[in-house]
Amino acid sequence: MEYSDQSQVSEGNTISLSVGDQFQDSSFWGGEEEEEEEIVGLSALESKSLNWSSSLSLVEQSLNVGVKHLNLYQSIAFLPVSLVQSIHDLILSLDKIQSSPSFHSNSNSSPLLLNQHCISLLIDSKKLITLNLEGMNSIPDSVLKNIESCVELKELDLTNCRHLSQNSLKGIIQNCNQLRKLILSECHQVNNSCLKLITECELQNHLQEFAISGCFEVSTEGILELTKACKSIKKLNLSFLQHIDDKAIESVAQNFTELIEIDLSYCNVKSEGFSHLAKNRVNLEKIKLESCSQLQDTICIQFQDCKQLKDLNLAYCTSITDAAIQAIALGCPLLTGIDLTCNENITDTSVLYIVNFAKNIQILVLKRCIRITDEAIMQLKQLCSLTLQNLNVEGCIELSDKSISELQEMKVLNDVDLSFLKNVTWRGIEPLVKKCPLVHLRIWGHVIPKS
């Protein structure tokens, strides 16, 4: 289904609009969900991609052409450092645009530019400062091993590089000792001995951002080794680690004195661990605790002392109630984003506290918070019309046209999810489409008129 009447969209804006079938078909209430369709205009990313050449300088356009022919080269080591890095960065940008769901091409889909040969050329040049191989799970260990020769690397992302061996990782840790950022998430060969190795080399003095999400072999023992030496870590991702406990988090809280971001989502940490974190790391700016089922109000309230907190994710923390959110809203005035997905205990009271006391709120995720009503949403235009950019109320079944139509007064709202709101019709949605500077609007389960 295609809807392309641009006159119905606020002037100068295009919208990526996703829909499913109407509520009468009950796709959400027990039937199968329909596939997502983009039906209004272009997303911002797509618009940029279609106008790519017009917005690039002559040098960038030349690079754009050049990177598409890298397979013809045997080496690029003769190029200056800045140009090698520019090639890497441009390839990532082009691949990101091409792989975006909102990218449409009249030709058949082209293979991604960052292929094995291209990666080998970049690595063998030994001139990279940053290298991002996130999701390149087909790259063999023989190629990944050569990363150890890139001794000037400052940032390395190997997320989901499944063929990375322990020997290759050992070489990288020992030789790329200037790394400030090391992402090893979903690299299943990472274990406690790898963390210990970091503490035995120069890397321990430089590492500021470290992620081992989903590295199932890592346990509390490994985290304790890490916290003994790596005193400069500011950003830490330990999500999906099933073998770490309160003792590990206590050591993180006590030793990582510069920590400003932490992700403990889907960890089996209990109340004591969270309490140590809240008490000892009051300078935290970003906390992600998605699906931490052990988190209770009494502990969550302690995060009100994190006066620098800007981003908080409590999605699927189903024991949290309004009491915790009230305390955080009162104590954390710099809060700009909060995710409360699927917290059925959350009511309008939490929303009212957030918008009243977090004056700079930009992202508000209330997905499937089924006790949220029109009263809370109608307050948004009064209290955060100039700040709120992203609103997700998918599945908030008490909402109706009365409150949704009022969102047209939001001055900077550009990303909205109104899916599966059984009391909302196009009559409530249309004013929002016409007046808000929307880029993305998701309304699965609603009928869009052709006129």
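Author: Start with one term: buried means under 20% relative accessible area, exposed means over 50%, and partly exposed is in between (1.4 Å probe, protein chains only). The model is predicted: local features need pLDDT of at least 70, side-chain atom pairs count only at pLDDT 80 or more, and totals for chains, interfaces and linings use all residues. Residues are numbered from 1 along each chain as its sequence is written, and side-chain values use heavy atoms, with hydrogens and water left out.

Reader: OK. What percentage of the residues in the chain is buried?
Author: Buried residues are 50% of the 451 in the chain.

Reader: And how many helices and strands?
Author: There are 18 helices and 15 strands. Both are DSSP runs numbered from the N terminus: helices are H or I with at least four residues, strands are E with at least two.

Reader: Which residues touch the most other members of the largest nonpolar core?
Author: Leu158, Phe210, Ile212 and Leu380 do, in a core of 123 residues. Helix H5 (residues 116–124) gives the most to this core, with 5 residues. A nonpolar core is a set of buried Ala, Val, Leu, Ile, Met, Phe, Trp, Tyr and Cys residues joined through side-chain atoms within 4.5 Å.

Reader: Which residues in H5 are buried?
Author: Cys118, Ile119, Leu121, Leu122 and Ile123 are. Just after H5, Lys126 has a positive phi of about 60°.

Reader: Back to Ile212. What is it in contact with?
Author: Leaving aside neighbours within four places in sequence, the contacts of Ile212 (heavy atoms within 4.5 Å) include Leu184, Val190, Asn237 and Leu241.

Reader: New topic: Thr227. Buried or exposed?
Author: Thr227 is buried, at a relative accessible area of 1%. This residue lies in helix H9 (residues 220–229).

Reader: Which side chain does the Thr227 side chain make a polar contact with?
Author: That of Ser251, at 2.6 Å. A polar contact is a pair of N or O atoms within 3.5 Å; within protein, one must be able to donate a hydrogen and the other to accept it, and residues adjacent in sequence count only if both atoms are side-chain atoms.
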